[in-house]
Amino acid sequence: MWTYEKKLQYPVKIKCPNPAAAKVIMTQYGGPDGELGASMRYLSQRYTMPYKEAIGVLNDVGTEELAHLEMVSAIVHQLTRNMTMEQIKESGFDTYFVDHTAGVWPQAASGMPFTSVCFASKGDAITDLVEDMAAEQKARTTYDNILRLVDDPDIIDPIRFLRQREIVHFQRFGEALRIVQDKLDSKNFYAFNPEFDRPKRR
Amino acid sequence: MNTEQELFKNIQILEFVLYDAGLYLDTHPTDQEALCYYHNYRDMLAEAIDEYTRCYGPLTMDAVLSKNKWTWIEKPWPWEMEA
């Protein structure tokens, strides 16, 4: 279970409203490579993951992604508080505003609502861990693209932190994959699926 | 039921009592009787978690006491408990 800690993992303190930036950064809340999908991906995959090191990484990264979800939400909120109607109209934020005002809601930058189709839980250790590594790189690319689009240092600082975490997670998932493969048949990693075919537990 | 299971169940009970009292206090923040109840269980929970952690291992990542092994990942994970 979880208990809430009344703090962000890394500080978010943005002075100037910027609905144009909010519209693109929102995609890391509810978009295809966003933090909501990331958390749900890892927390869903951990139940059938057979090895304790890989379970630990899925559990702990899945939990950290909830903290990132909160940071992205805080960024979106701070970028959309005290907006003027002129800023809303000029920035193109009007298409979001009409449905949600300045409320935070998980959608992609394109307006597509959050969908679980953006992540997988395949029930196969190699498949899932390779997906997880790709997911971290996709999120890293998205943060890189966000950094190309924004120039406010107050926004750049927490986005850089989140980008760096994608790289750390990619490393940990790579190590988890290696640990899993070390426990499989070295001549054929696919001889059986350790999440389903129930090998001897270690 | 062995001592570990008893202690574990006691923590679940105390934690839920504390949480549910907290939820009530969210909408009744000056209720002195509820605050007193909360603090009573808060002390009991802290004591129970401390005892469990010392005897059986960490319930949270920041409660690993072992200096020579990372015991956080030791099985069973909560969803692996036998019926």
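## Model and confidence

Chain B has a mean pLDDT of 95, and 98% of its residues reach 70 or more. This is a predicted model. Its scores are ipTM 0.90 and pTM 0.94.

## Contact between the chains

Chain A contributes 6 residues to the contact, and chain B contributes 7 residues.

Helix α4 of chain A covers residues 52-80. Its 29 residues should span 42 Å at 1.5 Å a residue, and the end C-alpha atoms are 42 Å apart, so the two values agree.

The largest nonpolar core holds 42 residues. Ile25(A), Ala54(A), Ile75(A) and Val76(A) have the most contacts inside it. At least two core residues come from each of α1 (19-25), α3 (35-45), α4, α7 (125-149) and α8 (153-182) of chain A. The largest share is that of α4(A), with 11 residues.

Ile25(A) touches Val72(A), Ile75(A), Val76(A), Leu79(A) and Ile146(A), leaving aside residues up to four places away in sequence.

## Ala135(A) in helix α7

Ala135(A) sits in helix α7 of chain A. The residue has 23 C-beta neighbours inside 10 Å, so it counts as buried; the cut-off for this is 20 or more.

Beyond residues up to four places away in sequence, Ala135(A) touches Asp33(A), Ala38(A), Arg41(A) and Phe119(A). Tyr47(A) is 88 residues from Ala135(A) in sequence. In space, the C-alpha atoms of Ala135(A) and Tyr47(A) are 19 Å apart.

## Positive phi in two loops of chain A

Asn82(A) follows α4(A) and lies in the loop between α4 and α5 (85-91) of chain A. Its phi is near 60 degrees, a positive value in a residue other than glycine. Asn82(A) has 9 other C-beta atoms within 10 Å, so it is exposed; the limit for exposed is 12 or fewer.

Thr101(A) is in the loop between α6 (94-100) and α7 of chain A. Here phi is near 55 degrees, again positive in a residue other than glycine. Thr101(A) is exposed because it has 10 other C-beta atoms within 10 Å.

## A cis peptide bond in chain B

The peptide bond from Lys75(B) to Pro76(B) is cis. Its omega is near 0 degrees. Pro76(B) is placed in the segment after α2 (32-56) of chain B.

Methods
Residues numbered from 1 in each chain as written. Chains lettered and ligands numbered in written order. Predicted model: local features only at pLDDT ≥ 70, side-chain atom pairs only at ≥ 80, totals over all residues. Contact = placed C-beta atoms within 7 Å. Helix = DSSP H or I, 4+ residues; strand = E, 2+ residues; numbered from the N terminus. Expected span 1.5 Å × (residues − 1). pLDDT = per-residue confidence, 0-100. Core = buried A, V, L, I, M, F, W, Y, C linked by C-beta atoms within 7 Å.
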